[in-house]
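Subject: Structure handover and notes

Dear colleague,

Please open it first and then go through the text below.

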Amino acid sequence: MKTLYNDIIQAKKDKRKLVAVLVDPDKIEIDHIPKFFKKVHNAIITHVFVGGSTDEEKKMENVTKTIKQHTHLPVLIFPGSHEQITEAADGILFLSLLSGRNPEYLITQQIQSVSKLIDINLEIIPTGYILIDGDVETAVQRVSNTQPISQEEKTVILHTALAGQFSGKQLIYLEAGSGAKKMVAPEIIKKVSDQLQIPLIVGGGIRSKEQVNKAFRAGADLVVIGTAFEENEDFLIELSP
Ligand code: 1GP
(Lines give C-alpha, C1' and ligand atoms only; values in the text may rest on other atoms or scores of the structure.)
Protein backbone atom coordinates (compact mmCIF):
# COMPACT_ATOMS: atom_id res chain seq x y z
CA MET A 1 0.00 0.00 0.00
CA LYS A 2 1.38 3.32 -1.12
CA THR A 3 -0.65 5.41 1.31
CA LEU A 4 1.88 8.12 2.07
CA TYR A 5 2.79 8.61 -1.56
CA ASN A 6 -0.83 8.55 -2.71
CA ASP A 7 -1.63 11.28 -0.20
CA ILE A 8 1.18 13.44 -1.61
CA ILE A 9 -0.08 12.84 -5.15
CA GLN A 10 -3.63 13.67 -4.10
CA ALA A 11 -2.45 16.89 -2.43
CA LYS A 12 -0.66 17.87 -5.65
CA LYS A 13 -3.84 17.23 -7.67
CA ASP A 14 -5.88 19.27 -5.19
CA LYS A 15 -3.21 22.02 -5.17
CA ARG A 16 -2.97 21.53 -1.39
CA LYS A 17 0.52 22.58 -0.31
CA LEU A 18 2.47 20.47 2.19
CA VAL A 19 5.03 21.46 4.81
CA ALA A 20 7.43 19.09 6.57
CA VAL A 21 9.28 19.74 9.78
CA LEU A 22 12.72 18.16 9.64
CA VAL A 23 13.84 16.77 12.98
CA ASP A 24 17.57 16.11 13.16
CA PRO A 25 18.19 13.52 15.92
CA ASP A 26 21.51 15.19 16.74
CA LYS A 27 19.76 18.47 17.44
CA ILE A 28 16.73 17.61 19.57
CA GLU A 29 16.45 16.44 23.16
CA ILE A 30 14.10 13.46 23.51
CA ASP A 31 12.43 15.09 26.54
CA HIS A 32 11.57 18.14 24.50
CA ILE A 33 9.71 16.23 21.76
CA PRO A 34 6.20 16.30 23.38
CA LYS A 35 6.32 20.06 23.90
CA PHE A 36 7.74 20.70 20.44
CA PHE A 37 5.00 18.63 18.79
CA LYS A 38 2.25 20.54 20.57
CA LYS A 39 3.53 23.60 18.71
CA VAL A 40 3.91 21.64 15.46
CA HIS A 41 0.25 20.63 15.62
CA ASN A 42 -0.87 24.25 15.82
CA ALA A 43 1.01 25.13 12.65
CA ILE A 44 0.46 24.21 8.99
CA ILE A 45 2.82 21.24 9.24
CA THR A 46 1.61 18.14 7.36
CA HIS A 47 4.64 15.80 7.51
CA VAL A 48 7.56 14.95 9.77
CA PHE A 49 10.94 14.06 8.32
CA VAL A 50 13.49 12.55 10.70
CA GLY A 51 17.17 12.24 9.88
CA GLY A 52 20.36 14.09 9.26
CA SER A 53 23.73 13.83 7.60
CA THR A 54 25.02 12.24 10.80
CA ASP A 55 23.51 10.56 13.86
CA GLU A 56 26.44 10.92 16.21
CA GLU A 57 24.65 9.89 19.38
CA LYS A 58 22.71 7.06 17.66
CA LYS A 59 19.43 8.62 18.73
CA MET A 60 17.52 8.05 15.47
CA GLU A 61 15.47 5.10 16.70
CA ASN A 62 14.53 6.68 20.02
CA VAL A 63 13.75 10.06 18.53
CA THR A 64 11.53 8.48 15.87
CA LYS A 65 9.70 6.29 18.39
CA THR A 66 9.08 9.25 20.67
CA ILE A 67 7.83 11.39 17.79
CA LYS A 68 5.42 8.62 16.74
CA GLN A 69 4.04 8.57 20.28
CA HIS A 70 3.31 12.29 20.13
CA THR A 71 1.98 12.93 16.65
CA HIS A 72 -0.67 11.73 14.22
CA LEU A 73 1.29 13.24 11.30
CA PRO A 74 3.04 10.89 8.84
CA VAL A 75 6.66 10.32 9.82
CA LEU A 76 9.23 9.67 7.10
CA ILE A 77 12.88 8.82 7.52
CA PHE A 78 15.17 11.20 5.67
CA PRO A 79 18.35 9.17 6.11
CA GLY A 80 21.93 10.34 5.93
CA SER A 81 23.01 6.70 5.89
CA HIS A 82 21.50 3.21 5.94
CA GLU A 83 22.23 3.05 9.68
CA GLN A 84 19.45 5.56 10.32
CA ILE A 85 16.71 3.23 9.06
CA THR A 86 14.20 2.31 11.75
CA GLU A 87 10.82 0.64 11.60
CA ALA A 88 9.49 3.14 14.09
CA ALA A 89 8.63 5.47 11.15
CA ASP A 90 5.83 5.13 8.57
CA GLY A 91 7.96 5.49 5.48
CA ILE A 92 11.32 6.36 4.05
CA LEU A 93 12.50 8.78 1.41
CA PHE A 94 14.72 6.34 -0.45
CA LEU A 95 17.23 8.92 -1.60
CA SER A 96 19.72 8.86 -4.47
CA LEU A 97 22.03 11.85 -4.58
CA LEU A 98 21.65 12.63 -8.28
CA SER A 99 23.65 15.86 -8.22
CA GLY A 100 26.78 14.05 -7.03
CA ARG A 101 29.08 11.57 -8.67
CA ASN A 102 29.83 9.52 -5.61
CA PRO A 103 28.60 5.92 -6.05
CA GLU A 104 28.37 5.59 -2.27
CA TYR A 105 25.28 7.86 -2.23
CA LEU A 106 23.94 6.84 -5.63
CA ILE A 107 23.71 3.11 -4.95
CA THR A 108 26.07 1.69 -2.28
CA GLN A 109 24.17 2.96 0.77
CA GLN A 110 20.93 1.90 -0.91
CA ILE A 111 22.18 -1.69 -1.32
CA GLN A 112 23.36 -1.71 2.29
CA SER A 113 19.89 -0.71 3.45
CA VAL A 114 18.10 -3.64 1.78
CA SER A 115 18.72 -6.29 4.45
CA LYS A 116 16.89 -4.07 6.94
CA LEU A 117 14.17 -2.85 4.58
CA ILE A 118 13.03 -6.30 3.47
CA ASP A 119 12.29 -7.27 7.06
CA ILE A 120 10.28 -4.23 8.05
CA ASN A 121 7.14 -2.57 6.87
CA LEU A 122 8.15 0.93 5.79
CA GLU A 123 6.61 2.57 2.75
CA ILE A 124 9.52 3.19 0.40
CA ILE A 125 9.39 6.32 -1.75
CA PRO A 126 12.15 6.51 -4.40
CA THR A 127 13.42 10.09 -4.28
CA GLY A 128 15.88 11.92 -6.54
CA TYR A 129 17.90 14.17 -4.25
CA ILE A 130 19.57 17.17 -5.88
CA LEU A 131 21.99 19.30 -3.90
CA ILE A 132 22.09 22.92 -5.04
CA ASP A 133 24.54 25.58 -3.92
CA GLY A 134 23.04 27.44 -0.96
CA ASP A 135 26.02 29.77 -0.57
CA VAL A 136 27.57 27.88 2.33
CA GLU A 137 29.31 24.52 2.63
CA THR A 138 26.63 22.21 4.04
CA ALA A 139 26.81 18.94 5.95
CA VAL A 140 25.43 17.01 2.95
CA GLN A 141 28.30 18.30 0.84
CA ARG A 142 30.88 17.36 3.48
CA VAL A 143 29.47 13.95 4.31
CA SER A 144 28.71 12.93 0.73
CA ASN A 145 31.96 14.38 -0.56
CA THR A 146 30.14 15.80 -3.59
CA GLN A 147 29.73 19.26 -5.04
CA PRO A 148 26.36 21.00 -5.23
CA ILE A 149 25.10 22.28 -8.58
CA SER A 150 25.44 26.05 -8.93
CA GLN A 151 22.17 28.00 -8.98
CA GLU A 152 23.43 29.48 -12.27
CA GLU A 153 23.24 26.04 -13.89
CA LYS A 154 19.48 26.06 -14.26
CA THR A 155 19.37 23.71 -17.24
CA VAL A 156 21.63 21.17 -15.51
CA ILE A 157 19.32 21.26 -12.49
CA LEU A 158 16.24 20.77 -14.69
CA HIS A 159 17.84 17.93 -16.63
CA THR A 160 19.00 16.25 -13.42
CA ALA A 161 15.45 16.39 -12.06
CA LEU A 162 13.97 15.04 -15.29
CA ALA A 163 16.60 12.30 -15.50
CA GLY A 164 15.44 11.32 -12.00
CA GLN A 165 11.81 11.21 -13.13
CA PHE A 166 12.69 9.23 -16.27
CA SER A 167 14.61 6.74 -14.08
CA GLY A 168 11.49 6.10 -12.02
CA LYS A 169 11.93 8.35 -8.99
CA GLN A 170 8.58 9.25 -7.46
CA LEU A 171 9.67 12.50 -5.85
CA ILE A 172 12.33 15.08 -6.65
CA TYR A 173 13.94 16.99 -3.75
CA LEU A 174 15.73 20.25 -4.54
CA GLU A 175 18.00 20.76 -1.53
CA ALA A 176 20.04 23.87 -0.75
CA GLY A 177 21.37 22.06 2.34
CA SER A 178 20.53 22.44 5.99
CA GLY A 179 21.30 25.95 7.18
CA ALA A 180 21.78 27.26 3.63
CA LYS A 181 22.22 31.01 3.35
CA LYS A 182 20.33 31.06 0.08
CA MET A 183 17.25 28.93 -0.59
CA VAL A 184 16.74 27.38 -4.01
CA ALA A 185 15.73 30.36 -6.17
CA PRO A 186 12.05 30.54 -7.14
CA GLU A 187 13.06 30.72 -10.86
CA ILE A 188 14.73 27.32 -10.48
CA ILE A 189 11.75 25.86 -8.63
CA LYS A 190 9.48 27.16 -11.41
CA LYS A 191 11.68 25.90 -14.23
CA VAL A 192 11.72 22.42 -12.70
CA SER A 193 8.08 22.27 -11.58
CA ASP A 194 6.84 23.46 -14.99
CA GLN A 195 8.30 20.34 -16.61
CA LEU A 196 8.19 17.77 -13.82
CA GLN A 197 5.20 15.47 -13.52
CA ILE A 198 6.02 14.03 -10.10
CA PRO A 199 5.79 16.01 -6.83
CA LEU A 200 8.57 18.46 -6.04
CA ILE A 201 10.09 18.92 -2.57
CA VAL A 202 12.14 22.03 -1.78
CA GLY A 203 14.25 22.59 1.31
CA GLY A 204 17.31 24.25 2.75
CA GLY A 205 17.59 27.78 4.14
CA ILE A 206 13.86 28.52 4.34
CA ARG A 207 13.38 30.82 7.33
CA SER A 208 10.29 32.95 6.73
CA LYS A 209 6.65 32.61 5.76
CA GLU A 210 7.39 34.74 2.72
CA GLN A 211 10.04 32.27 1.55
CA VAL A 212 7.62 29.38 2.09
CA ASN A 213 5.02 31.17 -0.03
CA LYS A 214 7.58 32.02 -2.70
CA ALA A 215 8.53 28.34 -2.97
CA PHE A 216 4.84 27.37 -3.21
CA ARG A 217 4.03 30.04 -5.79
CA ALA A 218 6.98 28.84 -7.88
CA GLY A 219 5.55 25.31 -7.88
CA ALA A 220 6.98 23.45 -4.87
CA ASP A 221 4.52 20.82 -3.63
CA LEU A 222 6.19 20.25 -0.27
CA VAL A 223 8.53 22.58 1.62
CA VAL A 224 10.93 21.28 4.28
CA ILE A 225 12.04 23.39 7.25
CA GLY A 226 14.54 22.34 9.90
CA THR A 227 17.05 24.93 11.06
CA ALA A 228 14.55 27.79 11.36
CA PHE A 229 12.55 25.77 13.93
CA GLU A 230 15.71 24.67 15.75
CA GLU A 231 16.72 28.31 16.13
CA ASN A 232 13.30 29.72 16.91
CA GLU A 233 10.30 27.54 17.67
CA ASP A 234 8.04 30.59 17.56
CA PHE A 235 8.44 30.45 13.80
CA LEU A 236 5.84 27.67 14.11
CA ILE A 237 3.37 30.25 15.40
CA GLU A 238 4.04 32.35 12.31
CA LEU A 239 3.13 29.29 10.27
CA SER A 240 -0.26 28.81 11.90
CA PRO A 241 -3.21 28.41 9.51
C1 1GP B 1 17.74 20.03 4.99
O2 1GP B 1 16.10 20.74 3.42
C3 1GP B 1 16.33 20.49 4.76
O4 1GP B 1 17.94 18.78 4.51
C5 1GP B 1 15.98 21.64 5.65
O6 1GP B 1 16.95 22.66 5.61
O7 1GP B 1 17.57 23.03 7.96
O8 1GP B 1 17.94 24.82 6.27
O9 1GP B 1 15.63 24.24 7.01
P10 1GP B 1 17.02 23.74 6.78
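What follows is a description of the ligand site and then of the aromatic pairs.

Please keep in mind throughout that this is a predicted model.

I begin with the ligand, which is surrounded by 13 residues, the closest being E175, S178, G179, G205 and T227. Sorted by class, this shell consists of four nonpolar, eight polar and one charged residues. With the side chain of T227, the pair is formed by one of its N or O atoms and an oxygen atom of the ligand, at 2.5 Å. At G179, a polar backbone atom is 2.7 Å from an oxygen atom of the ligand, and at G226 a backbone N or O atom lies 2.8 Å from an oxygen atom of the ligand. Taken alone, the ligand would expose 300 Å², of which the protein buries 98%. As for the space that the ligand takes up, this is the largest cavity.

I turn now to the aromatic rings, where a search of the whole structure gives six pairs. In the pair of F36 and F37, the ring centres are 5.5 Å apart and the planes stand at 90 degrees, which is over the 60 degrees required, so the pair is classed as edge-to-face. F36 counts as buried because its relative accessibility is 5%, under the cut-off of 20%, and F37 likewise counts as buried, at 0% relative accessibility.

How are the rings of F229 and F235 arranged? Their centres lie 5.4 Å apart and their planes are at 35 degrees, an angle that falls between the limits of 30 and 60 degrees, so this pair is tilted. F229 is buried, with a relative accessible area of 2%, and F235 is buried with a relative accessible area of 2%.

Finally, ring pairs join F49, F78, Y129 and Y173 into a cluster.

With best regards

How values were computed
Residues numbered from 1 in each chain as written. Predicted model: local features only at pLDDT ≥ 70, side-chain atom pairs only at ≥ 80, totals over all residues. Heavy atoms only, no water. Near = heavy atom within 4 Å. Polar contact = N/O pair within 3.5 Å; in protein donor to acceptor, adjacent residues only side chain to side chain. Areas by Shrake-Rupley, 256 points an atom, 1.4 Å probe, with all protein chains shown as cover. 1 Å grid on protein atoms, 1.4 Å probe; cavity = no way out; pocket = protein on both sides within 12 Å on 5 of 7 lines; lining within 4 Å. Sits in = over half its atoms within 2 Å of the grid points. Nonpolar A, V, L, I, M, F, W, Y, C, P; charged D, E, K, R; others polar. Phe/Tyr/Trp six-rings, centres within 6.5 Å; stacked < 30°, edge-to-face > 60°. Buried < 20%, exposed > 50% of the residue type's maximum accessible area, 1.4 Å probe, protein only.
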